[in-house]
Amino acid sequence: MDTTINLAPYAASDQTSRGRLYPESDPEYRSCYQRDRDRIVHASAFRRLEYKTQVFVNHEGDMFRTRLTHSLEVAQIARTIARALNLNEDLAEVISLAHDLGHTPFGHAGQDALNECMKPYGGFEHNLQSLRIVDVLEEKYASFDGLNLTFETREGILKHCKKNKAKELGELGQRFLKGEQPSLEAQLVNIADTIAYNNHDVDDGLRSGLITEEQLCETSLFEPHYHHVKKCWPDLDKKRLIHETIRRMINELAVDLVTTSATAIKQTDPQHIDDVRQHQAPLILFSEKLHTKNLEMKRFLRDHLYQHYKVHRMTVRADRIVKGLFEAFMKDPLLLPHVKDQRKQLRQVDEQQLARQVADYVAGMTDRYAIDEYERL
Ligand code: MG
């Protein structure tokens, strides 16, 4: 049942979906992508996003973004863009909610540490891990492992993939080998992700005091909106001033994205989602001007926030915790909670499989659980 009105012919839809791995009857009052979204919301990996670091470690303050609130902000921006372009809002929403499921505790620092530990065993990458969670690791349904999501949702979750990995992924990996594009819904979530994190990191960065308004005025995205708001409301308190500035930044980016993409789609004139996939370049894009502004903000945040010594300190700590946990479980697999009663089974597992089990377990931990577990061991 397609509940989305005014869907463009090249949008993802129930009619053109490539379906699920294990065939299921259609839901009664939902579209197939609404069902996918509901399965994500009910997944335990989704709930754990609440206690996973985006930039600031969760317990540093209740006001900062976590992976969960980040994912909700991505979904909000993605739905607006999807609706404006007559694309499938439900699909954009589910990809947004699922896009960061595979992140380790402690953000990118955690992923880098786990990847180092997993080097001899095929590596670790959060994007592939998100797919692994929805395809294999969630144990909820009677007749299959994973969530049995539609091809389009899985296609959107797998944002990037190296060619050697893509070969192992069957139909889903094909586009990386052929140089094709994903659906427009997947393309727009990709950009909604950067709009969300650039803007909320400005907000969190200012709140934490690690960056200042003066520094941000060096960027062409922040400066004009900031001075405009200041001019209109000279006595506005700082909290409102920042919010009024950021909402204008998000709006400028989203409006530019919709306008530029609508023109690109019109020029290309796709008739079907497969025309979108076979087109040589993405059709969801910023204008040259906004692309440059967005990159400038990205660089600003990298230089002034992500590489700030206070954020870097967390990186060092995360590295020690993640590597410590990995080593401890590899040395004594009986410490793994879910294999305690399966000693016999454990003897049949080779080192490669054990390493993947350990990586799945450590990656699934929330920040605080990882810290507690590290102290317990
Ligand atoms: Mg993200």
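Modeller: Cys117 is buried, at 13% relative accessibility. Buried means under 20% relative accessible area, exposed means over 50%, and partly exposed is in between, using a 1.4 Å probe and protein chains only. This is a predicted model, so local features need pLDDT of at least 70 and side-chain atom pairs count only at pLDDT 80 or more, while totals for chains, interfaces and linings use all residues. Residues are numbered from 1 along each chain as its sequence is written, and side-chain values use heavy atoms, with hydrogens and water left out.

A disulfide here is a pair of cysteine sulfur atoms within 2.5 Å. By that rule, the count is zero. Take Cys232, which is in no disulfide: the nearest cysteine sulfur belongs to Cys217 and is 15 Å away. Cys232 is partly exposed, at 41%.

Now the metal. A magnesium ion is held by His70 (NE2), His99 (NE2), Asp100 (OD) and Asp193 (OD), at 2.2 to 2.5 Å. Donors are N, O and S atoms within 2.8 Å of the metal, or 3.2 Å for Na, K and Ca; water is not among the atoms, so sites may look incomplete. Along the chain, the donors of the magnesium ion are spaced H-x28-H-D-x92-D. His99 sits in the loop between helix H4 (89-98) and helix H5 (107-118), and Asp193 is in helix H10, so this pair ties together parts 94 residues apart in sequence. Helices (H or I, at least four residues) and strands (E, at least two) are DSSP runs, numbered from the N terminus. His99 is buried, at 5%. Asp193 is buried too, at 6%.

Ser183 is buried, at 0%. A polar atom of its side chain is 3.0 Å from the backbone nitrogen of Ala186. Leaving out residues up to four places away in sequence, Ser183 touches Leu91, Glu155, Ile273 and Val276. Contact means heavy atoms within 4.5 Å.

Follow Ile40. Beyond its neighbours within four places in sequence, Ile40 is in contact with Phe46, Val94, Leu97, Ala98, Leu101, Val134, Leu147 and Leu149. Ile40 is one of the buried residues of H1. Helix H1 (residues 32-41) is mostly covered, with nine of its ten residues buried. Arg35, Asp36 and Arg37 are among them. The cover includes helix H2 (44-48), H4, H6 and H7.

Last, a backbone detail. Asn148 is not a glycine, yet its phi is positive, about 50°. Asn148 is in the loop between helix H6 (126-137) and helix H7 (151-157). At 5%, Asn148 is buried. Asn86, also not a glycine, has a positive phi of about 55°. Asn86 lies in the loop between helix H3 (67-84) and H4, and is partly exposed, at 36%.

Technical notes: Polar contact = N/O pair within 3.5 Å; in protein donor to acceptor, adjacent residues only side chain to side chain.
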